[in-house]
Amino acid sequence: MASSWLNPFVARLVSGEELEGQYCGLLVICSWPMPSPVVEQLLAFREALRQQAERMPEAAYVYPATTLHCTVATLRPFTAGPLTGRALEDELERWRPVLAAARDDPEWPAGAFKLHMQQPTFEGSSAILKYEDCDGAIRRMRFALRRAIEKAGGIAAEGSSDRSLAKPLIGCPPGTPAPHLPDIVHSTVLRWSAEVPEEKRASARAAFACAASRVTPVTFIVKSGIVSP
């Protein structure tokens with residue numbers, strides 16, 4: 001049986017449902033907003049995909065350029081639900097010293113660094129832009145965050161490894177998800193607002209490949225690796 005491509009959150013977003021206050025995530029990100037050369041390539045990809053409308057299912061949702069970023073770490077996934085008032089303040093207070101410790105770590109990059117954007121790749125349930133971490137800056141940021149999280153009593157999940165071994169910071173309420181460190185550098189550019197029938201998936205892949213081929217790889221400078229807790 002084919003795996004699902006439907007993303008429930010995107011389905012709700014596209015439907016126009018009011019989502020304000022229902023989700024709260026905490027991320028460490030870089031390169032937001034993206035520089036204009038990257039934005040231009042996303043817009044070119046969007047237009048090329050529009051020209052493939054006969055082959056590309058209507059359920060394809062291309063993220064707005066304003067949302068593009070690189071996630072260094074997920075401290076709390078937005079899918080964990082709402083977080084407001086005192087609970088939000090408590091969560092921020094737990095993370096501020098951890099982020100400060102990571103920022104002060106000798107591994108943390110001191111200034112600007114370079115990323116190289118590659119052509120979009122199709123993952124089935126999503127499509128992503130991968131970036132080459134040219135200077136190893138994001139790898140070093142994740143190393144510093146891993147060390148700071150461990151000093152605060154947590155264990156970050158990493159990549160697609162067994163998340164049962166991970167744990168949240170000391171003092172978190174029961175049921176708090178553990179932080180996560182990705183093992184790639186990427187931006188998500190496409191998800192699906194409805195299920196794509198198996199018989200239409202080959203056509204979707206072909207349309208995507210055609211649109212992705214119009215994207216020109218770009219090397220760009222991220223001005224700072226500073227985190228403001």
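Student: What makes helix 2 oblique to helix 5?

Tutor: In this predicted model, helix 2 and helix 5 (residues 198-212) pack at about 140°, their axes lying 8 Å apart. That angle makes the pair oblique, because under 35 degrees counts as roughly parallel, over 145 as roughly antiparallel, 65 to 115 as roughly perpendicular, and the rest as oblique. The axes are lines fitted to C-alpha atoms, for helices over the stretch in contact, and the angle runs from 0 to 180 degrees between N-to-C directions. Helices here are DSSP runs (H or I, at least four residues), strands are E runs of at least two, and both are numbered from the N terminus.

Student: Which hand does the crossing of helix 2 and helix 5 have?

Tutor: Helix 2 passes helix 5 in a right-handed crossing. On the helix 2 side the contact is made by Phe45, Ala48 and Leu49, and on the helix 5 side by Ala207, Phe208, Ala211 and Ala212. By class that gives seven nonpolar, no polar and no charged residues. As for the terms, right-handed means that the near helix is turned clockwise from the far one by less than a right angle, and left-handed means anticlockwise. Contact means heavy atoms within 4.5 Å. Ala, Val, Leu, Ile, Met, Phe, Trp, Tyr, Cys and Pro count as nonpolar, Asp, Glu, Lys and Arg as charged, and the others, Gly among them, as polar.

Student: Before we go on, what should I know about numbering and confidence?

Tutor: Residues are numbered from 1 along each chain as its sequence is written, and side-chain values use heavy atoms, with hydrogens and water left out. Local features need pLDDT of at least 70 and side-chain atom pairs count only at pLDDT 80 or more, while totals for chains, interfaces and linings use all residues.

Student: Back to helix 5, then. How do you know that Ala204 is buried?

Tutor: Ala204 sits in helix 5, and its relative accessibility is 0%. Leaving aside neighbours within four places in sequence, Ala204 touches Trp5, Arg55, Met56, Pro57 and Trp192.

Student: What makes helix 3 and helix 4 oblique?

Tutor: Helix 3 (residues 85-104) and helix 4 (residues 137-151) pack at about 135°, with axes 8 Å apart. By the rule for angles, the two are therefore oblique to each other. Their crossing is right-handed. In helix 3, Trp95, Val98, Leu99, Ala101 and Ala102 meet Ala144, Leu145, Ala148 and Ile149 of helix 4. The residues of that contact divide into nine nonpolar, no polar and no charged.

Student: Why is Trp95 called buried?

Tutor: Trp95 has 4% relative accessibility, so it counts as buried. Apart from neighbours within four places in sequence, Trp95 is in contact with Leu26, Leu75, Ile149, Leu169 and Pro179. The C-alpha atoms of Trp95 and Ala152 are 9.1 Å apart, and 57 residues separate the two in sequence.

Student: Are Cys134 and Cys172 buried or partly exposed?

Tutor: Cys134 comes out as partly exposed at 32% relative accessibility, whereas Cys172 is buried at 16%.

Student: What makes the phi of Ser31 worth a look?

Tutor: Most residues other than glycine have a negative phi, and most peptide bonds are trans. Phi of Ser31, though, is near 55°, a positive value in a residue other than glycine. Ser31 lies in the loop between strand 1 (26-30) and helix 2 (36-50). Its relative accessible area is 10%, so Ser31 is buried. Beyond its neighbours within four places in sequence, Ser31 is in contact with Leu68, His69, Phe220 and Val222.

Student: And which peptide bond is cis?

Tutor: The one from Trp32 to Pro33, with omega near -5°. Pro33 also belongs to the loop between strand 1 and helix 2.

Student: Last one: why is Thr176 called buried?

Tutor: Thr176 has a relative accessible area of 18%, so it falls in the buried class. Thr176 is in the loop between strand 7 (157-158) and strand 8 (180-181). Its C-alpha is 8.2 Å from that of Arg76, 100 residues apart along the chain.

Key: Buried < 20%, exposed > 50% of the residue type's maximum accessible area, 1.4 Å probe, protein only.
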